[in-house]
Amino acid sequence: MNEIEKKVIEIVKENCSCEKVVLSDNLRNDLGMDSLDIMSLAMEIEFEFGIQVLEYEVESMKTVEDVLSYVVAEKKLLR
């Protein structure tokens, strides 16, 4: 597990109050997150990684892996 993956999982855990979070977890169905939780997650991702997450992109994030993939892709664009 790399540093970005660890940080994304940590941020997701903080926003869903779950002990265990894995990449395949669905944000809504498995972790019980609602729209407000997911928007809060997006804001924390923006702050932590220095990227912008647009509203339509947040809506397309269904799993923890989707969030991680988005962060990795955006970080590559910033280089």
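**Close-up views of the predicted model**

**View 1. Glu48 in the K7–E10–E48 salt-bridge network of the predicted model.** E48 is partly exposed, with a relative accessibility of 37%. Salt bridges with shared partners link E48, K7 and E10 into one network. Between K7 and E48 the closest N and O atoms are 3.9 Å apart. Because K7 belongs to helix α1 and E48 to helix α2, this pair ties together parts 41 residues apart in sequence. The salt bridge of K7 with E10 has its closest N and O atoms 2.9 Å apart; these two residues are three apart in helix α1 and therefore separated by about one helical turn. K7 and E10 are partly exposed, K7 at 23% and E10 at 35%.

**View 2. The salt bridge of E3 with K6.** The side chains of E3 and K6 meet at 3.7 Å, N to O. The two residues are three positions apart in helix α1, so about one helical turn separates them. E3 is exposed, at 60% relative accessible area, whereas K6 is partly exposed, at 40%.

**View 3. The crossing of helices α1 and α2.** The axes of α1 (residues 3–16) and α2 (residues 35–49) come within 10 Å and cross at roughly 145°. The crossing is right-handed. Residues of α1 in the contact include I4, V8 and I11, and those of α2 include L41, I45 and F49. By class, this contact comprises seven nonpolar, two polar and five charged residues.

**View 4. I45 and the largest nonpolar core.** This core has 23 residues, and V8, V12, L27 and I45 have the most contacts inside it. Helices α1, α2 and α4 (64–78) each give two or more residues to the core. Leaving aside residues up to four places away in sequence, I45 touches V8, I11, G50, I51, V53, V67 and V71.

Methods: Residues numbered from 1 in each chain as written. Predicted model: local features only at pLDDT ≥ 70, side-chain atom pairs only at ≥ 80, totals over all residues. Heavy atoms only, no water. Axes fitted to C-alpha atoms, helices over the stretch in contact; angles between N-to-C directions. Helix = DSSP H or I, 4+ residues; strand = E, 2+ residues; numbered from the N terminus. Left-handed = near helix turned anticlockwise from the far one by under 90°. Contact = heavy atoms within 4.5 Å. Nonpolar A, V, L, I, M, F, W, Y, C, P; charged D, E, K, R; others polar. Core = buried A, V, L, I, M, F, W, Y, C linked by side-chain atoms within 4.5 Å. Buried < 20%, exposed > 50% of the residue type's maximum accessible area, 1.4 Å probe, protein only. Salt bridge = Lys/Arg side-chain N within 4 Å of Asp/Glu carboxyl O.
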